[in-house]
Amino acid sequence: MADRHAQLSFDGNEYDLPIVEPTIGNAGLTIAKLRADSGDVTYDPGFANTAGAQSTITYIDGAAGILQHRGYAIEDLAANATFLEVAYLLLVGKLPNKAEFEAWSEDVRMHTLLNEEMKRFFDAFPKRAHPMAILSSATNAISTFYEDYHDPSNAKAFDESAVRLLAKMPTIAAWAYKKSIGMPYSYPNNDLDYVENFLAMMFSLPTARYEVDPVIAKAVNVLFVLHADHEQNCSTATVRGVGSSQANLFASVGAGIDALWGPLHGGANQRVIEMLQSIVDDPDASAKSMIARAKDPNDPFRLMGFGHRVYKNYDPRARVLRSYADDVLAAVGIKDPLFDIAKELEQTALEDDYFVERKLFPNVDFYSGLIFRALDFPTRMFTVLFAMGRLPGWMAQWKEMTEDPSTRIMRPRQIYIGDIDKEYVPIEER
Ligand code: SDX
């Protein structure tokens, strides 16, 4: 295909914008020279229409509700792959063969312990500390034990850091939970696989033998796979942005955890459960009243777990989770009234013009919390679970950013609309 170009006419001038061609999906109109040539910039709050990178990791078709990692459909990965297999796929770029997978699993398994000094770090937090605050702080704290691996230009340092983060995140998450309930920390057990180990560290006690329920282990694997990457979402863009200043991987991931915590992003899974619970707790509340509030322009309330910047169709992850929720709840023998309310809310919203016109469908957070809840995770741990799933995606995107020769430090411009050239007035005269 001959090189395509777009032409921009502005203020009597013509600007040539070369096109960056995709494998599939959006092409890119290159504006890299626009400010130098015109003295003006494009304006796109939230970068909803602006690509900051070329990537080979994840493809999303928001209109069709398609999600693929390295070309593999999320439905196939959720049904067939383990989370560690998907982490390898994202980080290395291909599915591992048996020998590669064994070596990868062993490498991760051998780094699950935290330095014993980290216990004092956990002890310093108040009991009610939100586990996302602990996760973010601990991610930076463990980096102080690995200062030799901070050089972003050193591929081996990246591999060492990535394995350590992947291996230690479950331990950090489980210790944050144990801290919050005043129970002793459980140590990793190398006889268990990645998810089993996490569940054991979360729910075992020194007083009794803990058997991992294979149904729960499978469900957590599926949930982690469904959260593994999602192209340039808010937290991934944050990880890339922090890494673009050549900050180390730990600092970049810590920043990604903080961005994910927001209720408009990964924090939504906790808010969905709180929203559904509020309907159960308040006799005057109902699915209909919630929908009415969500539609009211004067009410800041949003239907948590609904809507998406990219998906203008059903989020394929939510579709997997919706059907999976039935199976998990049946398997663990739970009838959760919140699940019935969620289905009623979904049905009501999908038939309401406000949601239909704005193409607002359930997203990954709408059903994930119901499954986490059925698996006995406390609500305040839900976004931590999202972060654990998203970790390999963040790291793969960070690696792609550092290896991309076109990467520059992230530094957006602005449209200034404030005062200029004001005279300073001494305080006595103000
Ligand atoms: C995740 O980007 C990713 O890939 C994220 C993620 C990932 O895997 O990384 O998929 C994970 O973050 C999923 C989203 C979780 N957040 C929520 O469920 C919070 C509720 N949803 C919204 O706040 C909202 O839908 C966003 C933040 C997800 C998307 O916001 P946008 O793209 O900026 O859309 P918008 O705010 O401009 O909304 C467009 C219109 C507005 O109405 P009008 O001004 O046109 O009248 O839709 C309305 C909004 O008011 N709207 C909603 C709504 N979401 C959008 N109205 C009620 N309830 C909602 N949930």
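Here are some questions and answers about this predicted model.

Q: Where does Arg 240 sit, and what is it in contact with?
A: Arg 240 lies in helix H10, which covers residues 234–243. Setting aside neighbours within four places in sequence, Arg 240 is in contact with Ala 53, Ser 55, Gln 232, Gln 397, Glu 400 and Met 401.

Q: What makes the pair of Phe 198 and Phe 224 tilted?
A: Look at the angle: the ring planes are at 40 degrees. Stacked needs under 30 degrees and edge-to-face needs over 60, so this pair is left as tilted. The ring centres are 6.2 Å apart, and the limit for a pair is 6.5 Å, so the two rings do count as a pair.

Q: How do you know that this pair links distant parts of the chain?
A: Phe 198 is in helix H8 (residues 194–203) and Phe 224 is in helix H9 (residues 214–226), 26 residues apart. Both Phe 198 and Phe 224 are buried, too.

Q: Are Phe 372 and Phe 377 buried or exposed?
A: Phe 372 has 1% relative accessibility and Phe 377 has a relative accessible area of 4%. With buried set at under 20%, Phe 372 is therefore buried, and so is Phe 377.

Q: Which aromatic cluster do these rings belong to?
A: Phe 198, Phe 224, Phe 372 and Phe 377 are among the members of one aromatic cluster. That cluster also takes in Phe 83, Tyr 177, Tyr 194, Phe 203 and Phe 382. As for the model overall, the count comes to 24 aromatic pairs.

Q: What makes Asn 269 buried?
A: Its relative accessibility is 0%, and the cut-off is under 20%, so Asn 269 counts as buried. Asn 269 is placed in helix H12 (residues 268–281).

Q: How do you know that Asn 269 has a polar contact with Phe 382?
A: The side chain of Asn 269 reaches the backbone oxygen of Phe 382 at 3.2 Å, and the limit is 3.5 Å. Phe 382 is also one of the residues in contact with Asn 269 beyond four places in sequence, including Asp 365, Ser 368 and Phe 372.

Q: Why is Lys 359 called partly exposed?
A: Lys 359 comes in at 42% relative accessibility. Buried is under 20% and exposed is over 50%, so Lys 359 lands in between. Lys 359 lies in the loop between helix H16 (353–357) and helix H17 (364–374).

Q: What about Arg 70: why is that one partly exposed?
A: The value for Arg 70 is 22%, and buried stops at under 20%, so Arg 70 counts as partly exposed. Arg 70 is in the loop between strand E5 (66–69) and strand E6 (72–73).

Definitions and conventions. Residues numbered from 1 in each chain as written. Predicted model: local features only at pLDDT ≥ 70, side-chain atom pairs only at ≥ 80, totals over all residues. Heavy atoms only, no water. Helix = DSSP H or I, 4+ residues; strand = E, 2+ residues; numbered from the N terminus. Contact = heavy atoms within 4.5 Å. Phe/Tyr/Trp six-rings, centres within 6.5 Å; stacked < 30°, edge-to-face > 60°. Buried < 20%, exposed > 50% of the residue type's maximum accessible area, 1.4 Å probe, protein only. Polar contact = N/O pair within 3.5 Å; in protein donor to acceptor, adjacent residues only side chain to side chain.
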